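Dear colleague,

I am handing over the structure we spoke about, and my notes on it follow directly below. Please read them with the coordinates open beside you.

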Amino acid sequence: MSRSVEERLARLEETLYFQDDTITQLNEVIADQQRQLDELEKRCAASEDKLHSLMLLLSDDGGEDNGPPPHYL
């Protein structure tokens, strides 16, 4: 092999190594972000459930007409 071909091959191998390393690092970042996103989705759903429960408690009158408060009688 001529020197220039060997140099080109060495540069290609070096480039491939760094690209593989970059892909591995990016994959780790994406996996971490997905875990964070999953956790935030769970927390958001739990907050929505709590808010819904509180809204039901605040709007629930028991379905009865309680009449005037006792101090009006």
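Helices and strands are taken here as DSSP runs, where a helix is a run of H or I of at least four residues and a strand a run of E of at least two, both numbered from the N terminus. This is a predicted model, in which local features need pLDDT of at least 70 and side-chain atom pairs count only at pLDDT 80 or more, while totals for chains, interfaces and linings use all residues. Residues are numbered from 1 along each chain as its sequence is written, and side-chain values use heavy atoms, with hydrogens and water left out.

Overall form

By those rules the protein has one helix and zero strands. Its C-alpha atoms fill a box of roughly 110 × 20 × 10 Å along the principal axes. The radius of gyration, taken over C-alpha atoms, is 32 Å, whereas a compact globule of 73 residues would have a value near 11 Å; the globule rule is 2.2 Å times the number of residues to the power 0.38. The accessible surface comes to about 7200 Å², of which 57% belongs to carbon and sulfur atoms, the areas being computed by the Shrake-Rupley method with a 1.4 Å probe and, for residues, with only the protein chains shown counting as cover. Of the 73 residues, 0% count as buried, where buried means under 20% relative accessible area, exposed means over 50%, and partly exposed lies in between (1.4 Å probe, protein chains only).

Salt bridges

The structure holds two salt bridges, each defined as a side-chain nitrogen of Lys or Arg within 4 Å of a carboxyl oxygen of Asp or Glu. In one of them the side chains of Arg3 and Glu7 meet at 3.4 Å, N to O, and these two residues lie four apart in helix 1, about one turn of the helix. Arg3 is exposed because its relative accessible area is 63%, while Glu7, at 36%, counts as partly exposed. Asp32 is partly exposed, with a relative accessible area of 37%, and Arg35 is exposed at 52%.

Aromatic and nonpolar side chains

Rings of Phe, Tyr and Trp (its six-membered ring) pair if their centres lie within 6.5 Å, and planes under 30 degrees apart count as stacked, over 60 as edge-to-face and the rest as tilted. By this rule the count comes to one aromatic pair. Tyr17 and Phe18 form it in an edge-to-face arrangement, 5.3 Å centre to centre with 75° between the planes. Tyr17 is exposed, at 53% relative accessibility, and Phe18 is partly exposed, at 46%.

Met1, Val5 and Leu9 make a nonpolar surface patch of about 310 Å²; patches consist of residues with over 30% relative accessible area and no salt bridge, like charges being joined within 9 Å and nonpolar side chains (Val, Leu, Ile, Met, Phe, Trp, Tyr) within 5 Å. Val5 itself is placed in helix 1 and counts as partly exposed, at 37% relative accessibility.

After the helix

Asp60 lies in the segment after helix 1, which covers residues 3-59. Asp60 counts as exposed, since its relative accessibility is 55%. The C-alpha atoms of Asp60 and Lys42, 18 residues apart along the chain, are separated by 27 Å.
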